[in-house]
Amino acid sequence: MAELRESLSLYRLLIAARVRAQLQYRTSFAIETVAAFLVSFLDFVAILVIFSNVPQLGTWSVAQVALLYALATLSFAFTDLVIGHLDGFPALIRDGNFDLMLVRPKGTLFQVITGDFQLRRLGRVAQALLVLGYALNTLAIDWTPDRALVLALTVPSGVLIYGSVWVAVICIAFWTVEGREAANAFTYGGAFLAQYPMNIFDRWLRRFLGYFVPMAFIAYFPALHVLGKTDPLGLPAVLQVASPVVALAAAVVASTVWRFAVRHYQSAGG
Amino acid sequence: MPLIELEGVAKDFVVHRSAGLLRRDRITVQAVQDLTFSVERGTILGYIGPNGAGKSTTVKMLTGILVPTAGRVSVGGLVPWDERIALARRIGVMFGQRVQLWWDLPLVDSLELLRHMYRVPADRYRHTLASLREALELDPFMRTPVRQLSLGQRIRGELAAAMLHDPEILFLDEPTIGLDVVAKQRVREFLIRANRERGVTVMLTTHDLADIERLCSRILIIDHGRLIYDGDVNALKERYGTERVLVVDLEEPQGPLEVEGGRVIKVEGPRQWIAFERARTNAAQLAAAVATRANLRDLTVEEPEIDDVVRRIYLETRP
């Protein structure tokens, strides 16, 4: 417990130092944040374009898809804020700079996560919150305690799932220097797919997203529960409240993969 | 009990080489083989050898970065890769070619963050930092972002970072690489002080023979992953490093000069290379002798390169 408290306070110090450095360039920070907001908004525009042609998307109305989209995007945006710099992890391995993390008295994953923090990524968070506001405002949700609880836990679970997938796939970098493209297919690809209702996809893709990479638990299942919607796929209702459990399981798998990978780290050069 | 102990340590790397379009061959490279030595507390140990000899691999195994393929390693009574975090609190590590400080932050912020990471108590931190600031002359650039520091300033900052938690052992990989003569001397003086005043054990890899002469009480030479010399610096110099070369530029080209105690090994136009034994004569006597026979324009003295020394030892020790 004391260990955890110490890690959290160290995390706060490290991030605060980063933020201070970034805020030295206020104009650049403002432009980048607005740009991130606008670019991510295009994703939602794409969904609106689809709805201008069809009234429904696999039994989902536009406001329902907006909820789905907002939950998925919010989870992804927070994950991106905290660990988006993992994109650069293969370079860290290739250049041998991971060595430095192994000679410091802290967990390697902790050090990789605290290695950067890009405040401009808040632009995407703002965009997702805006869409969430629109969805909750438009939908006449019949609020019950369990629905409120599921909604409240959706984003934290989603962040943990995205983060776990990200960490697990980035471990490819320990074996091959070409890991980045493969990893991106899972992370960014998964993030894109989670914004849409799962039932519109082909069966093999659904299985992949449901079981192997648990993206369906990020927004699809919890949204069904919050909306009181019957699953168009007819899957067991318990899945709709299982996201936190799936998230914890994903975290355990990811940290196991990470530990295994670090043990096989070969460093760079002689 | 020795502070550092290695017994029969080996490290193999598996590398893949493409053989044709789709096939890849697995090749095992033995970076280090059957390494056995120990280091007593308070030593300044020079660990030298040509590029690719296995120096960095050894240091990485001692600091917990790499897991050896075979053998036993103990550093301060710990198994480095199993007790990595406990070990990290007791050692300081600096890689001359890597940046450990936070690139965008002022030096003082980096040090402050490391204080928290290493859990250095506030009053001890103040005390240690004050003495490091004085010894490394950090004050002029304490508030400068690391990316704006010169190499010499950054290396001093890195040394401060490595010493902040009062480590028992300092592992330095090429600490003086790329530094000018003044900066090199400053680093050396700091290391000698740290060793004398705080009793820090130092293990450094280097290509610079001057580092070794001024610093090391003991040296190990490694080549092709094997230990080929273990002893003190004087013995090494007596056996192998005694020959120096005086390079003279004459007013005009002429045949090889004949001077007492020297032997011309190369002539290139007006420039001649004269090898001499340090025990028999010195550069000044030799230069004076040259001046009586020709008009001297310029001269320099070449120290033996560590790679030359290593090559000579290698030739002698080869079965």
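Into which domains is chain B divided? In this predicted model, chain B splits into domain 1, covering 4-238, and domain 2, covering 242-303. The centres of domain 1 of chain B and domain 2 of chain B sit 39 Å apart, going by C-alpha atoms.

As for confidence, the model as a whole comes with an ipTM of 0.79 and a pTM of 0.81. For chain B, the average pLDDT is 88, and 96% of the residues reach at least 70.

Chain B has 319 residues, and 38% of them are buried. Take the contacts in chain B between residues at least 6 apart in sequence: 69% of these join residues at least 24 apart.

Chain A is another story in terms of secondary structure: there are 12 helices and 0 strands. Read along the sequence, that gives the pattern α-α-α-α-α-α-α-α-α-α-α-α. The C-alpha trace of chain A spans about 60 × 45 × 40 Å along its principal axes. How does the radius of gyration of chain A sit with that of a compact globule? A compact globule of 270 residues would come out near 18 Å, and chain A has 19 Å, so the two agree. Of the 270 residues in chain A, 37% count as buried. Among the contacts in chain A that link residues at least 6 apart in sequence, 80% bridge residues at least 24 apart.

Ser40(A) belongs to helix H2 of chain A, which runs over residues 26-51. Is Ser40(A) buried or exposed? Ser40(A) counts as buried because it has 21 C-beta neighbours inside 10 Å, and the cut-off for buried is 20 or more. Leaving aside residues up to four places away in sequence, Ser40(A) touches Gly123(A), Arg124(A) and Gln127(A).

Ala182(A) is found in helix H9 of chain A, residues 179-193. Here the count is 14 C-beta neighbours inside 10 Å, so Ala182(A) is classed as partly exposed; that class lies between the limits of 12 or fewer for exposed and 20 or more for buried. Ala182(A) and Val169(A) are 13 residues apart in sequence, and their C-alpha atoms are 7.9 Å apart in space.

Finally, the two chains meet: 18 residues of chain A are in contact with 27 residues of chain B. On the side of chain A that touches chain B, helix H1 (2-23) and helix H5 (98-102) each supply at least two residues. The largest share of that side comes from H1(A), with 5 residues. Sorted by class, the side of chain A that touches chain B holds 9 nonpolar, 5 polar and 4 charged residues.

Technical notes
Residues are numbered from 1 along each chain as its sequence is written. Chains are lettered from A and ligands numbered from 1 in the order in which they are written. This is a predicted model: local features need pLDDT of at least 70, side-chain atom pairs count only at pLDDT 80 or more; totals for chains, interfaces and linings use all residues. Domain bounds come from an automatic or database domain assignment. Two residues are in contact if their C-beta atoms, placed from the backbone, lie within 7 Å. Helices (H or I, at least four residues) and strands (E, at least two) are DSSP runs, numbered from the N terminus. Ala, Val, Leu, Ile, Met, Phe, Trp, Tyr, Cys and Pro count as nonpolar, Asp, Glu, Lys and Arg as charged, and the others, Gly among them, as polar. pLDDT is the predictor's confidence in each residue, from 0 to 100. The radius of gyration is taken over C-alpha atoms; the globule rule is 2.2 Å times the number of residues to the power 0.38.
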